[in-house]
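Hi everyone, thanks for making time. I'd like to walk you through one protein today, so let me put it up on the screen.

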Amino acid sequence: MKKLLLILTFIFSLPQAADAFSVNHDFTVFIGPFNASQTSFMYALTPQSYAVASKVKTFGLFDTLYPFEAKYATTGHIKNGNLETSSYKYQSQSRFSKRKKELIYNEQGIPVYRISSKNDKEKKIEITPNPENNQTTDLQTVFAELARQYNQLKFCDSRMEVFDGKRRFDIIFKDEGKEELLPNQYSPYTGTASKCSMYIDKLGSEGDDLLWQFTSDRPIYFWILADEKSGIPFIARVEVEDTPLGKMKIYTNKATIEE
């Protein structure tokens, strides 16, 4: 069930125009009947650089049944208004498997090597130059690009290309209107929110990880609110209607914003 939890890496913050700031979310994650995970996601931006980091860890009874922990980290530069990845790292630990992946980029933000390991057996593979891959980026940088777009234009609609070092796929974001978030015991954030959806277009590729578990007919929904003090937008809730264990619901129990 660790694949279900990797979806949490899709969660991102949505910043307001500022010279330098960071937004950190603390999430409570429910999968079906389980209070499944405590998760965090951080996004930071300066005029010349950006960083995105997330951490996922199973919780309570779900941790006993499906123990899983993962960390993701991306850094990059902003050049002529474009976001260029400079590093991407991922590591995870489940009951029986330990995995790591790192993408090495050149000065133009193009991936040139993929280093991966499973249970400490490491492989380093040179990535063959391909014009299609040169136009893509890593998944977390896509979220940074969407954050900037939403901040400037106040809509989600977009299609962005991703290359994970092996496969290329598209992320499709759509606006879904406005909805009122009502009070509940898991999150203090309520009010009129912008609802957006995210779809995965596999582009004909096959695979066995999360990105091939959620296709265009199984969207991920998220709701955006604005911080009352700073006006900076943030994710208040996330929902996936169908997983093997039932509906997944993610609540922001704390959003920390620093300018």
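Before I start, one term: buried means under 20% relative accessible area, exposed over 50%, and partly exposed is in between, with a 1.4 Å probe and protein chains only. Also, this is a predicted model, where local features need pLDDT of at least 70, side-chain atom pairs count only at pLDDT 80 or more, and totals for chains, interfaces and linings use all residues. Residues are numbered from 1 along each chain as its sequence is written, and side-chain values use heavy atoms, with hydrogens and water left out.

Okay, the overview. We've got 4 helices and 14 strands; those are DSSP runs numbered from the N terminus, H or I with at least four residues for helices, E with at least two for strands. Of the 259 residues, 49% are buried.

Now look at strand S11, residues 191-201. Here 9 of the 11 residues are buried, so the rest of the structure largely encloses this strand. On one hand, S11 pairs antiparallel with S10 (residues 168-181) over 10 bridges; pairing takes at least two DSSP bridges between two strands. Glu179 sits opposite Ala193 there. S11 also runs antiparallel to S12 (residues 220-226), with 5 bridges, and Met198 has Ile220 as its bridge partner.

So where's the disulfide? Cys156 and Cys196 form it, with sulfurs 2.0 Å apart; the cut-off is a pair of cysteine sulfur atoms within 2.5 Å. Cys156 is in the loop between helix H4 (139-153) and strand S9 (158-163), and Cys196 is in S11, so the pair ties together parts 40 residues apart in sequence. Cys156 is buried, at 1% relative accessibility, and Cys196 is buried too, at 0%.
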